[in-house]
Amino acid sequence: MARKKWKGSALLAAALATAAMPAMACTRAVYLGDNGDVITARSMDWKVDVATNLYVLPRGMARTGKAGPGSIAWTARYGSVVATGYDISTTDGMNEKGLVANLLWLVESEYPAQRSGKLGLSISLWAQYVLDNFATVEEAVTALQREPYSIVTDKVPGEDRQATLHLSLSDATGDSAIVEYIGGRQVIHHDRRYQVMTNSPIFDQQLALNSYWQQIGGTVMLPGTNRSADRFARASFYINAIPKAEDPVGALASVFSVIRNVSVPFGITTPGEPNISSTRWRTVADHKRRLYFFESALTPNTFWVDLTKVDFGGKVLKLDLGRDQRNTFAGDALQHFVPSAPFTFLGVEG
């Protein structure tokens, strides 16, 4: 008993120490329901407008890794619907097979200093590479374990700092994976149990911190701040506490309520925590029904794209969300997408 008490105290101390760390406040959670229902939700939290738009990207598009000479090259096997960052990067999306990719901030990320002869892949294309090439998490993990590329990061637009990101994957079977670069080495956490990802600290430490709150029990007490470790604990509890035997509308409503619960109120500032940012938008991906929902903090409506109605053998399409994603849509917004040139991924030509 004494040993268990010490372990809990140590984890709490670690949690309090982590709470003092600055973090970009994004959250991702996967709902595993009855009848094969799998729904992935994420929040995008950033201190300025991330200039997001939605695109339909068809299969068959030829891409390079945009990392200069020696970049990896491929042709998209699958079409996808994606949300961009600054229209230079895929930050979130779902492909026609129901695979979802989400990029979140992780300040501890360290990418290989040298590529060791591997082909280069700009970080702006990291999520898109996975969406283009794989139908399931298992497929993606098997390929990524062979390290077919070396990630090349770049500066955040308008800022003098490098992008430090980690990647989450989920699919229609409910499988999940978290991909991080720690100390210059790729680390993959692959298990259906890995339903939640936030930001700092690294995923191993997030799991350890969360075990403290699991011992207490979410009906007794949950941490309530907007810090990363607290959001991880709340999302982990609520995504499994919401009812599982519901109709699709009820399941989606429950998942939306969870991702809203771990969002940061718009316009909030936190003294001493300059890197905690407001939630600007949320996405919810229904893997089984191939529905991709988008909700901006600055519009009254939630809308969606039905991927089963998309012609992924056709043209690139764009939905202009406007400054701060203020353009308002309702229902299935596919009719409002218009033919467009593809956005240009950030990277080095070569």
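Ala 51 counts as partly exposed, because its relative accessibility is 29%. Ala 51 sits in the loop between strand S2 (38-45) and strand S3 (54-57). Helices (H or I, at least four residues) and strands (E, at least two) are DSSP runs, numbered from the N terminus.

This is a predicted model: local features need pLDDT of at least 70, side-chain atom pairs count only at pLDDT 80 or more, and totals for chains, interfaces and linings use all residues. Residues are numbered from 1 along each chain as its sequence is written, and side-chain values use heavy atoms, leaving out hydrogens and water.

**Backbone exceptions**

Most residues other than glycine have a negative phi, and most peptide bonds are trans. Ala 51 is not a glycine, yet it has a positive phi of about 55°. Tyr 86 also is not a glycine and has a positive phi of about 55°. Tyr 86 lies in the loop between strand S6 (80-85) and strand S7 (89-95). With 23% relative accessibility, Tyr 86 counts as partly exposed. The peptide bond from Ser 200 to Pro 201 is cis, with omega near 0°. Pro 201 is in the loop between strand S14 (196-197) and helix H4 (203-216).

**The whole chain**

The protein chain has six helices and 20 strands. Of its 350 residues, 58% count as buried. Contact means heavy atoms within 4.5 Å. Among contacts between residues at least 6 apart in sequence, 69% join residues at least 24 apart. The accessible surface comes to about 14200 Å², and 55% of it belongs to carbon and sulfur atoms. Such areas come from the Shrake-Rupley method with a 1.4 Å probe; for residues, only the protein chains shown count as cover.

**The core**

A nonpolar core is a set of buried Ala, Val, Leu, Ile, Met, Phe, Trp, Tyr and Cys residues joined through side-chain atoms within 4.5 Å. The largest one has 88 residues; those with the most contacts inside it include Leu 54, Leu 121 and Trp 126. Helix H6 (residues 248-261) gives the largest share of this core, six residues. Leu 54 touches residues including Val 82, Phe 294, Leu 317 and Phe 337.

**Aromatic pairs**

The structure holds 16 aromatic pairs. Rings of Phe, Tyr and Trp (its six-membered ring) pair if their centres lie within 6.5 Å; planes under 30 degrees apart count as stacked, over 60 as edge-to-face and the rest as tilted. Here are two of the pairs.

| Pair | Centre to centre | Angle between planes | Type |
|---|---|---|---|
| Phe 237 and Tyr 238 | 5.2 Å | 70° | edge-to-face |
| Phe 293 and Trp 304 | 5.5 Å | 50° | tilted |

Phe 293 in strand S16 (residues 291-296) and Trp 304 in strand S17 (residues 302-306) are eleven residues apart. Phe 293 is buried, because its relative accessibility is 8%. Trp 304 is partly exposed at 28%. Phe 237 is partly exposed at 24%, and Tyr 238 is partly exposed at 30%. Ring pairs also link Trp 74, Tyr 129, Phe 134 and Tyr 149 into a cluster.

**Phe 343**

Phe 343 is in the segment after strand S20 (338-339). At 9% relative accessibility, it counts as buried. Not counting residues up to four places away in sequence, Phe 343 touches several residues, among them Tyr 55, Leu 57, Val 82 and Ile 88. The C-alpha atoms of Phe 343 and Lys 318 are separated by 9.3 Å, and the two residues are 25 residues apart along the chain.

Technical notes:
Buried < 20%, exposed > 50% of the residue type's maximum accessible area, 1.4 Å probe, protein only.
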